[in-house]
Amino acid sequence: MDTSIEQSLITLTTNPPIHNSVGIDSRDVGTPDNWIPRHPEMIRLTGKHPFNAEAPLSLLMEQGFITPNSLHYVRNHGPVPKLKWETHRLTVDGLVSKPLTLSMDNIESLPYKEFPVTLCCAGNRRKEQNMIKQTKGFNWGAAATSCAIWKGVPLSHILKLAGVEDGTHNKPRYVCFAGCDKLPNGYYGTSIPLEWAMNDANDVILAYGMNGERLPPDHGYPLRALIPGCIGGRMVKWLSSITVSDKESDSYYHYYDNRVLPPEYDMERATKEKIWYNPDYIINKLNINSAITTPAHNEQISLSSFVSTKEYTIKGYAYTGGGHKVTRVEISLDGGKKWLLANLTQPELEHPAVLNRGINPIPRFWCWSFWSISVPLYSFIRCEEIAVRAWDASHNTQPQEPTWNVMGMMNNCHFRVKVNTVSQGKEFFLAFQHPTQPGNNPGGWMVKPEPLPLKTAMVTGLSTTNNKKYSINQVEKHNAEGDCWIIIDKKVYDCTKFLKVHPGGIDAILINAGKDVTDEFNAIHSNRARSKLTNFYIGDLSEIPQAKI
């Protein structure tokens with residue numbers, strides 16, 4: 001049994017941990033997640049529900065190598081299941097000789113591993129792609145990545161207990177995971193090759209601990225799959241079943257998510273030609289990526305400080321997948337004509353949880369690295385942008401420009417920060433701009449002007465004058481499944497007939513029924529979805545609310 005962290009430092013309880021530094025966010029009131037403590041500074045990317053969030057980039061970097069649970073990025077497709085340690089069960093079945101049903105106490109009693117792993121969403125930095133053309137996904141910034149110490153039983157140990165075959169079969173086999181989160185298209189599920197799962201060097205575990213605590217609800221309490229070096233979308237949370245099969249997972253979310261399609265394909269063409277089923281486009285391992293975190297977005301340096309300060313330190317992170325090592329990071333200040341080698345630190349190599357594990361016969365690198373480089377301040381005088389690129393042990397590096405794809409995934413182009421000179425009175429400053437800011441937050445040199453709000457003229461067949469007016473009080477009364485109105489950009493829509501065909505499910509609209517959902521709608525919907533709204537338009541929001549009677 002791996003005892004890499006002193007037991008005295010580990011506090012385990014039978015219920016999801018409640019963090020003193022966080023509480024129930026007002027935005028969760030009235031949603032199925034109104035019982036989950038969350039950090040108030042997490043940036044919500046999909047409105048108030050479901051919870052998809054990343055920490056402010058500067059705040060994330062302040063935490064260092066290990067990210068506190070409350071600031072670790074979160075990707076949820078729907079409400080968080082309210083599960084209990086005492087009653088939760090994991091079933092293991094399929095092509096095994098001894099099917100299992102395990103309690104959490106059973107799982108916790110088995111040999112375990114505990115070590116740091118950096119997780120990353122395949123959509124990290126997606127907003128940069130959305131600035132080129134809207135993808136299917138919402139606006140992740142550059143903080144859809146975090147690092148924690150995970151504890152759990154090796155998946156290979158569980159599979160051996162279930163009597164899985166030793167790999168002498170001729171056909172490929174897969175380990176199919178399914179969670180408890182009931183979604184509009186079934187439970188979230190995915191799969192990985194059995195060969196991958198059975199190789200102990202890959203460190204695949206069923207995790208029940210995170211940073212010395214039980215898993216928080218947002219991170220899969222009480223059990224999740226943890227697959228180092230892989231995209232977060234393969235690490236099923238709220239894990240309830242494992243099935244060994246001769247076929248990949250048949251989950252909707254396995255086929256219609258986490259794929260990089262050729263840039264010529266939109267959703268309609270991809271579905272019509274069934275390109276989703278092409279195994280060449282599935283994403284498993286992370287690609288090489290890096291970002292600049294210092295200077296921060298909108299940071300300024302006074303030109304008068306050049307007299308007293310001679311150097312400035314540029315900083316950032318880098319990661320890669322498949323257990324490979326980040327071998328170098330380079331910075332350019334002249335559009336890529338010359339690259340400067342940054343100082344690279346890899347805290348993983350010095351972390352007690354790694355040192356106490358001993359030597360792995362096949363070295364694996366599961367965590368992000370940090371880099372820095374100090375440059376003379378005068379280097380910025382005629383500098384238009386700072387660019388970064390990282391390299392891994394296979395000599396893969398980042399492309400200069402992004403490659404757009406309809407899912408907006410795996411964006412790893414050079415991260416570029418623009419440098420501008422601005423004046424405030426008689427004082428001049430260097431001002432830095434990142435490409436984007438996460439969610440609907442304004443700012444960033446890639447950001448296009450905000451789309452014009454929906455105008456009455458966009459509503460086919462309706463006059464642009466004398467439209468019916470509704471007060472906010474009138475709209476609030478239409479808040480049920482059989483009578484559902486919403487407000488978007490000061491326009492009122494009757495969505496009652498659309499509820500049952502909404503791709504995100506009925507509940508996603510009902511929790512916002514009778515309310516202004518402009519931010520929620522704009523956070524996750526495409527222009528195509530926006531155009532469909534015209535079918536449900538019934539009038540405008542009155543500027544003066546009517547008094548309640």
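## Exercises on strands, a buried histidine and the cores

N343 stands opposite S372 in β22. The model used in these exercises is predicted.

**Exercise 1.** Determine which strands pair with β10, and decide how enclosed β10 is.

*Solution.* 
- Take β11 (residues 186–193). β10 pairs with β11 in the antiparallel sense over seven bridges. In this pairing C176 stands opposite S191.
- A hairpin of two residues links β10 to β11.
- Take β15 (residues 239–245). β10 pairs with β15 over six bridges, again antiparallel. Here A178 stands opposite S241.
- Judge burial. β10 spans residues 174–183, and seven of its 10 residues are buried, so the strand is largely enclosed by the rest of the structure.

**Exercise 2.** Classify H478 as buried or exposed, and describe its surroundings.

*Solution.* 
- Locate H478. This residue sits in the loop between α9 (472–476) and β27 (479–480).
- Apply the cut-off. Buried means under 20% relative accessible area. H478 has 18% relative accessibility, so H478 counts as buried.
- Look for a polar partner. The side chains of H478 and D483 make a polar contact at 2.7 Å.
- List the contacts. Leaving aside neighbours within four places in sequence, H478 is in contact with D483, C484, W485, A513 and G514.

**Exercise 3.** Find which residues have the most contacts inside the largest nonpolar core, then examine I386.

*Solution.* 
- In soluble globular proteins, nonpolar side chains tend to be buried together.
- Size the core. The largest nonpolar core has 116 residues. Those with the most contacts inside it are I314, F380 and I386.
- Trace I386. Not counting residues up to four places away in sequence, I386 touches residues including I314, F380, I292, L333, F415 and F432. Among the residues it touches are also S332 and R416.
- Look beyond this core. A second, separate core has nine residues, among them I486, L533, F536 and Y537.

How values were computed. Residues numbered from 1 in each chain as written. Predicted model: local features only at pLDDT ≥ 70, side-chain atom pairs only at ≥ 80, totals over all residues. Heavy atoms only, no water. Pairing = 2+ DSSP bridges. Helix = DSSP H or I, 4+ residues; strand = E, 2+ residues; numbered from the N terminus. Buried < 20%, exposed > 50% of the residue type's maximum accessible area, 1.4 Å probe, protein only. Polar contact = N/O pair within 3.5 Å; in protein donor to acceptor, adjacent residues only side chain to side chain. Contact = heavy atoms within 4.5 Å. Core = buried A, V, L, I, M, F, W, Y, C linked by side-chain atoms within 4.5 Å.
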